[in-house]
Amino acid sequence: MPSLAASAVEHLLAWPKTYRPDDVLVPAALAFAKQAESTAWPAVERLRTASVDHLRRRIALPLEAPQDWARPNPVKCTCADCRELGTFLVAADRPEWRLKAPQDRRSHVEQSVRNAACDLDLTTERRGSPHALVAIKNQASYEQRAKQRRRDLEHVSALRG
């Protein structure tokens with residue numbers, strides 16, 4: 001039975017894209033950590049070690065809030081409106097951008113922002129015609145990484161790493 005458990009853990013570790021550490025390995029290690037008798041099992045120790053290593057690698061990554069308004073430009077589309085959006089995203093001195101354009105162009109830019117997961121809050125200003133798409137930069141990526149860091153630290157502590 002121990003060799004079957006070890007084989008299962010090694011299989012999970014060999015396929016990280018299928019058995020993603022945050023979806024499978026860490027939750028399994030945390031579940032075993034709650035069972036005192038499982039700490040003596042070599043397969044569980046291998047799972048715990050791999051999970052803690054994964055978490056510590058991510059904890060070691062730099063975590064700093066943006067110092068200015070510059071944001072990455074992950075937008076793939078190269079149309080004129082999306083290029084203008086990309087220029088705005090990387091501009092360190094511009095927190096807000098407006099696209100006064102017909103609905104189809106505004107919708108296209110909104111879809112590009114959603115597809116690229118840009119750090120932007122979007123609203124539509126309905127004064128005048130055509131309406132304007134208003135993009136305001138936020139810190140969503142940083143806040144998500146900070147939340148992940150807190151979770152990772154809690155998990156490492158729970159795994160007694």
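Start with the lining of the largest pocket in this predicted model, which by class has eight nonpolar, two polar and four charged residues. Select R71, P72, D119, S141 and R145, which lie nearest the centre of the largest pocket among the 14 residues that line it. The space in this pocket comes to about 180 Å³. Then colour helix 6, residues 140-158, which gives the most to the lining of the largest pocket, with three residues.

Next, select helix 2 (residues 21-33) together with helix 3 (residues 42-59), whose axes lie 9 Å apart and which pack at an angle of about 125 degrees. The crossing in which helix 2 passes helix 3 is left-handed. To view the contact, show P21, D22, L25, V26, A28, A29 and F32 on helix 2, and V44, L47, R48, S51, H54, L55 and R58 on helix 3. Sorted by class, this contact of helix 2 with helix 3 has nine nonpolar, two polar and three charged residues.

Move on to helix 4 (residues 80-90) and helix 5 (residues 103-116), which pack with their axes 10 Å apart and at an angle of about 50 degrees, and helix 4 is therefore oblique to helix 5. Here helix 4 passes helix 5 in a right-handed crossing. By class, the contact of helix 4 with helix 5 has four nonpolar, two polar and two charged residues.

Technical notes. Residues numbered from 1 in each chain as written. Predicted model: local features only at pLDDT ≥ 70, side-chain atom pairs only at ≥ 80, totals over all residues. Heavy atoms only, no water. Axes fitted to C-alpha atoms, helices over the stretch in contact; angles between N-to-C directions. Helix = DSSP H or I, 4+ residues; strand = E, 2+ residues; numbered from the N terminus. Parallel < 35°, antiparallel > 145°, perpendicular 65-115°, else oblique. Left-handed = near helix turned anticlockwise from the far one by under 90°. Nonpolar A, V, L, I, M, F, W, Y, C, P; charged D, E, K, R; others polar. 1 Å grid on protein atoms, 1.4 Å probe; cavity = no way out; pocket = protein on both sides within 12 Å on 5 of 7 lines; lining within 4 Å. Points joined across faces, edges and corners; volume = space filled by probe spheres on them. Contact = heavy atoms within 4.5 Å.
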